[in-house]
Amino acid sequence: MLCFQQQPADRERLPMGAPMELVDAGTGPVLACARCRQHITSTSARIAVGGHHEHTRENPHGFQFHIGCFARALGCVAVSEPSLEWTWFPGYAWQIELCTGCAEHLGWRFASSDHHFHGLILDRLVELAELTDAAS
């Protein structure tokens with residue numbers, strides 16, 4: 001069973017270097033970029049796609065990625081045109097997503113005509129014990 005949650009389109013694409021406090025990660029522990037600690041999403045945004053939250057997929061160049069599926073990833077920005085070529089989820093076009101803090105490649109945004117989700121590379125995220133304020 002597919003499970004999705006829509007998010008407002010105007011909040012999906014934050015400018016590169018957006019302050020952490022602008023990222024609405026939802027409830028639950030924050031998942032941040034392992035490289036710069038930019039807030040990306042939260043554990044409560046985890047969803048199942050095709051019956052699983054986690055998937056291991058290989059790209060055409062032979063690189064394997066262990067990804068998790070998330071309804072929200074407001075700390076990411078899509079930087080490529082949507083493509084259906086080599087999609088890991090039939091019917092969903094993908095776009096490369098980068099961290100808004102440091103431009104690290106964190107995963108892909110997958111979108112069909114009705115739904116979207118974020119496939120994030122799990123070893124490029126870290127769980128923060130508590131939400132921190134960038135201004136403190």
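Author: Let's start with a term: a residue is buried if its relative accessible area is under 20%, exposed if it is over 50%, and partly exposed in between, using a 1.4 Å probe and protein chains only. This is a predicted model, where local features need pLDDT of at least 70, side-chain atom pairs count only at pLDDT 80 or more, and totals for chains, interfaces and linings use all residues. Residues are numbered from 1 along each chain as its sequence is written, and side-chain values use heavy atoms, with hydrogens and water left out.

Reader: Thanks! What share of the protein chain is buried, then?

Author: Of the 136 residues in the protein chain, 45% are buried.

Reader: And which helices and strands does the protein chain have?

Author: The protein chain has one helix and nine strands, in the order α-β-β-β-β-β-β-β-β-β along the sequence.

Reader: Can you point me to residues? What is the bridge partner of His55, for example?

Author: The partner of His55 is Ile67 in E4. On the E8 side, Gly68 is bridged to Leu120. The hairpin of E3 and E4 has five residues between the strands, and there Gly62 takes a positive phi near 90 degrees.

Reader: How many residues of E4 are buried?

Author: Five of the seven residues in E4 are buried, leaving this strand mostly covered.

Reader: Let's go inside. Which residues touch the most other members in the largest nonpolar core?

Author: That core has 13 residues, and those touching the most other members are Ile67, Trp88, Phe89, Trp108, Phe110 and Phe117. A nonpolar core is a set of buried Ala, Val, Leu, Ile, Met, Phe, Trp, Tyr and Cys residues joined through side-chain atoms within 4.5 Å. E4 (64–70), E7 and E8 (116–121) each supply at least two residues of this core, and the largest share, three residues, comes from E4.

Reader: What does Trp88 touch?

Author: Not counting residues up to four places away in sequence, Trp88 touches Arg57, Glu58, Asn59, Phe65, Ile67, Trp108 and Phe110.

Reader: You mentioned Cys99. How many disulfides are there?

Author: The count is zero disulfides, where a disulfide means a pair of cysteine sulfur atoms within 2.5 Å. Cys102 is in no disulfide either, with the nearest cysteine sulfur, in Cys33, 3.7 Å away.

Reader: Are those two, Cys99 and Cys102, buried or partly exposed?

Author: Cys99 is buried, at 0% relative accessibility, while Cys102 is partly exposed, at 23%. Cys99 sits in strand E6.

Reader: New topic: which residues form the salt bridge?

Author: Glu104 and Arg35 form it, with their closest N and O atoms 3.2 Å apart. The pair links distant parts of the chain, 69 residues apart: Glu104 is in the loop between E6 (93–99) and E7 (105–111), and Arg35 is in the loop between E1 (30–33) and E2 (39–42). A search of the whole structure finds one salt bridge, meaning a side-chain nitrogen of Lys or Arg within 4 Å of a carboxyl oxygen of Asp or Glu.

Reader: How exposed are Glu104 and Arg35?

Author: Glu104 is partly exposed at 23% relative accessibility, whereas Arg35 is exposed, with 56%.

Reader: Last one: which residues other than glycine have a positive phi?

Author: Among them are Arg37, with a phi of about 70 degrees, and Ala103, with a phi near 70 degrees. Most residues other than glycine have a negative phi. Arg37 lies in the loop between E1 and E2 and is partly exposed at 40% relative accessibility. Ala103 lies in the loop between E6 and E7 and is partly exposed at 36%.

Definitions and conventions. Helix = DSSP H or I, 4+ residues; strand = E, 2+ residues; numbered from the N terminus. Contact = heavy atoms within 4.5 Å. Pairing = 2+ DSSP bridges.
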